[in-house]
Amino acid sequence: MARDRAQTTRGYVLHIAGYGEADKLVTLYSNDLGRFTAIAKGALKSKQRFVNKLEPYSLLSLFYLPPRTSSGLYFLEEAELLAANLPLRHSHQRYIVASHYTELILRFTREQDPDPELFALIAWTLESLSLSPAPLQIATFALIHLLDTLGYRPDLQSCCRCHRLVSVPHSYTLVPGNGALLCNRCQPQASPLPSLSVQTLRTLAAAQATPLDRLARLQLAPQGIAEAFHALHSYTVHLLQRDIHSWGLLRPLLSPASEKR
């Protein structure tokens, strides 16, 4: 691409950081570029080009110049706001779940490695988290689909040791090392891993098989949301081999009363 010719794309803002006295570094995910970081010159002092536009979780139409080198920064010339997703910044619960989701996107993806399916999932997740009366439920289903899209789909159908299908009255744990289930019959002693009920597993398995535009039809009780998040957190930490910083803020929300806030 010619360095002096402005290009266009659409992208969601994942992270923003100050750079020097007047600039901002903006990390976005777009359909054709994947995750990339651009410098917005003068954004901290801008009265026109970037005012109220470079905000977390917003969808922007971008005019940019590509980097001079393969490891350089994109140069953001102008941005047009397409969707502000304001509820994600005005509600404490929505902000936390959106922060957790975008942190996972930042951790799991590589620079300039576009995936249209992942872009569509990010779009659905941020829009749904913004509008749904049950953001924690949306976040649970979004995480299940994220793991699937990234190639880390957990096996939620049967025990990996005895191969019996998930069934009552048994309970299960998700083994972080292989993303498979282990039933309580096959565990010689109590497991320190989070326990998953049959109802939670059946709902999560249904979510895996349900297209994004139909996910809102599924229902997961607050206790199931807590079970799912704790189990999937252990799995994602193992995959990433690093802490997820936003988990400390998300974990207190996983109580029966939180979904009503």
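Reader: What makes a set of residues the largest nonpolar core here, and which of them have the most contacts inside it?

Author: A nonpolar core is a set of buried Ala, Val, Leu, Ile, Met, Phe, Trp, Tyr and Cys residues joined through side-chain atoms within 4.5 Å. Buried means under 20% relative accessible area; exposed means over 50%; partly exposed lies in between (1.4 Å probe, protein chains only). The largest such core has 61 residues. Those with the most contacts inside it are Ile 105, Leu 146, Leu 156, Leu 174, Leu 181, Phe 229 and Leu 250. Helix 4 (residues 135-150) gives the largest share of this core, nine residues. Helices (H or I, at least four residues) and strands (E, at least two) are DSSP runs, numbered from the N terminus.

The model is predicted: local features need pLDDT of at least 70, side-chain atom pairs count only at pLDDT 80 or more, and totals for chains, interfaces and linings use all residues. Residues are numbered from 1 along each chain as its sequence is written, and side-chain values use heavy atoms, with hydrogens and water left out.

Reader: Which residues does Leu 174 touch?

Author: Contact means heavy atoms within 4.5 Å. Residues up to four places away in sequence are not counted. Leu 174 then touches Pro 154, Leu 156, Gly 179, Ala 180, Leu 181, Leu 193, Pro 194, Leu 196, Ala 231, Leu 232 and Tyr 235. There is also a second, separate core of 16 residues, and among them are Val 13, Phe 50, Leu 62 and Tyr 64.

Reader: Why are helix 4 and helix 5 called oblique?

Author: Two packed helices are described by the angle between their axes and the distance between the axes. Axes are lines fitted to C-alpha atoms, for helices over the stretch in contact, and angles run from 0 to 180 degrees between N-to-C directions. Under 35 degrees counts as roughly parallel, over 145 as roughly antiparallel, 65 to 115 as roughly perpendicular, and the rest as oblique. Helix 4 and helix 5 (residues 198-209) pack at about 60 degrees, with axes 9 Å apart. They are therefore oblique.

The crossing of helix 4 and helix 5 is right-handed. A crossing is left-handed if the near helix is turned anticlockwise from the far one by less than a right angle, and right-handed if clockwise. Helix 4 makes the contact with Thr 140, Phe 141, Ile 144, His 145 and Asp 148; helix 5 uses Thr 203, Leu 204, Ala 207 and Gln 208.

Reader: How are helix 3 and helix 4 oriented, and why?

Author: Their axes come within 10 Å and cross at roughly 175 degrees. Helix 3 (residues 116-131) and helix 4 are therefore roughly antiparallel. On the helix 3 side the contact includes Leu 121, Trp 124 and Ser 128; on the helix 4 side it includes Ile 138, Ala 142 and Leu 146.

Reader: What covers the buried residues of helix 3?

Author: The cover includes strand 1 (7-19), strand 2 (23-30), helix 1 (87-90), helix 2 and helix 4. The buried residues of helix 3 include Phe 119, Ile 122, Ala 123 and Leu 126.

Reader: What makes the span of helix 2 close to the expected one?

Author: The expected span is 1.5 Å times one less than the number of residues. Helix 2 (residues 92-108) has 17 residues, and 24 Å is expected. It reaches 25 Å from its first C-alpha to its last. Of those 17 residues, 13 are buried, and helix 2 is mostly covered.

Reader: What is the orientation of helix 2 to helix 6, and why?

Author: Their axes come within 11 Å and cross at roughly 25 degrees. That makes helix 2 roughly parallel to helix 6. The crossing is left-handed. His 100, Leu 104, Arg 107 and Phe 108 of helix 2 meet Phe 229, Thr 236, Leu 239 and Leu 240 of helix 6.

Reader: Is Ile 225 buried or exposed, and how do you know?

Author: Its relative accessible area is 3%, so Ile 225 is buried. Ile 225 sits in helix 6. Ser 255 is 30 residues from Ile 225 in sequence, yet 8.7 Å away in space, C-alpha to C-alpha.

Reader: Is Asn 52 buried or exposed, and what is its phi?

Author: Asn 52 has 58% relative accessibility, so it counts as exposed. Its phi is positive, about 60 degrees, although Asn 52 is not a glycine. Asn 52 lies in the loop between strand 3 (34-40) and strand 4 (59-65).

Reader: Where is the cis peptide bond to Pro 169?

Author: The bond runs from Val 168 to Pro 169, with omega near 5 degrees. Pro 169 is in the loop between strand 6 (155-159) and strand 7 (172-175).
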